[in-house]
Amino acid sequence: MEVNVVSDGTRVTLGFTGRIDTNTSSKAQTEIVAAFQTAKEVVLDFANVSYISSAGLRALLIGQKTAASKQASMKVINVNSMIVSLLDSVGFSQILTIEKS
Amino acid sequence: MATLQVFAKKDELNRVMRFIDCELLSHDCPLNVLLVVEIAVEEIFVNIVSYSGCPPGETVSIDCAFNEEPKRITLTFCDGGVPFNPLMKPDPDISLDAESREIGGLGVFIVKQNMDDIAYKYLDGKNFLTITKHF
């Protein structure tokens, strides 16, 4: 899984490519949490995410908790319909800001 | 029926996934079902590796069988670890807000929600976990 980081003032956009699974989720989490060191707005671009497992969902939850603790915001954009369904099924649609693709 | 044997190590996950994908795609499984089966397989395999006490040199076997009418996949995970059911975890409370949500328990919850049947037994020194998904 690759993470492309784009910084634009107080907004950081992380573009994820590939699978966010048990082997790659700690990298994803590290990048997300690190983004909040400098950004008030963190955008996770999921346009090229083909798969996310529960390990990846944990990273998203930790990201959201980090945002709250820093009075910052996080949103997940370009989420495909299958991943949206998954997020709905675990109640994440209510606690994350999600934009469908 | 096809069987894969892998070592009880997390870095075997990619091999496990390729096996599952190959089996499902060759039976025309739709992608939305493939996704939830993959997530279930990852959860179960990782839990077996992490908690069943299988040393890395031991193997986990995954049997994959298909039924045509009705169309369904049945996967059986078998390992020689301590008696351990990877799906014995209480469901998380998914109505809580982000601050209150617990970090763990999601994977098992997703398996229970999406699989049509789940069965576990411990027999002759081995754990057997079977999941079934219609598609």
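Mentor: Glu38(B) is buried, with a relative accessible area of 4%. Buried means under 20% relative accessible area, exposed means over 50%, and partly exposed lies in between, with a 1.4 Å probe and protein chains only. The model is predicted, so local features need pLDDT of at least 70 and side-chain atom pairs count only at pLDDT 80 or more, while totals for chains, interfaces and linings use all residues. Residues are numbered from 1 along each chain as its sequence is written, chains are lettered from A and ligands numbered from 1 in the order in which they are written, and side-chain values use heavy atoms, leaving out hydrogens and water.

The partner of Glu38(B) is Arg19(A): the two form a salt bridge, with their closest N and O atoms 3.4 Å apart. Glu38(B) belongs to helix 2 (residues 31-51) of chain B and Arg19(A) to strand 2 (residues 11-20) of chain A, so the pair joins two chains. A salt bridge here is a side-chain nitrogen of Lys or Arg within 4 Å of a carboxyl oxygen of Asp or Glu. Helices (H or I, at least four residues) and strands (E, at least two) are DSSP runs, numbered from the N terminus. Side chains of opposite charge can pair when their charged atoms come close.

Between chain A and chain B the count is one salt bridge. The contact, meaning heavy atoms within 4.5 Å, takes 23 residues from chain A and 26 residues from chain B. Together the chains bury about 2,100 Å², of which 63% is on carbon and sulfur atoms. On the chain A side, the residues that lose the most area to chain B are Thr22(A), Tyr51(A) and Met82(A), with 24% of what that side buries. Buried area is the accessible area (1.4 Å probe) that two parts lose on being put together, summed over both.

There are also 12 residue pairs in polar contact across this interface, both residues being at pLDDT 80 or more. Strand 3 (41-52), helix 2 (54-69), helix 3 (81-89) and helix 4 (92-95) of chain A each give two or more residues to the side that touches chain B. Helix 2 of chain A supplies the largest share of that side, eight residues. By type, the residues of that side divide into 12 nonpolar, seven polar and four charged. For these types, Ala, Val, Leu, Ile, Met, Phe, Trp, Tyr, Cys and Pro count as nonpolar, Asp, Glu, Lys and Arg as charged, and the others, Gly among them, as polar. A polar contact is a pair of N or O atoms within 3.5 Å; within protein, one must be able to donate a hydrogen and the other to accept it, and residues adjacent in sequence count only if both atoms are side-chain atoms.

Over all chains the structure holds five salt bridges. One of them joins Glu99(A) and Lys75(A), at 3.2 Å from N to O. This pair links distant parts of the chain, 24 residues apart: Glu99(A) is in strand 5 (residues 97-100) of chain A and Lys75(A) in strand 4 (residues 73-79) of chain A. Glu99(A) is partly exposed at 37%, and Lys75(A) is partly exposed at 27%.
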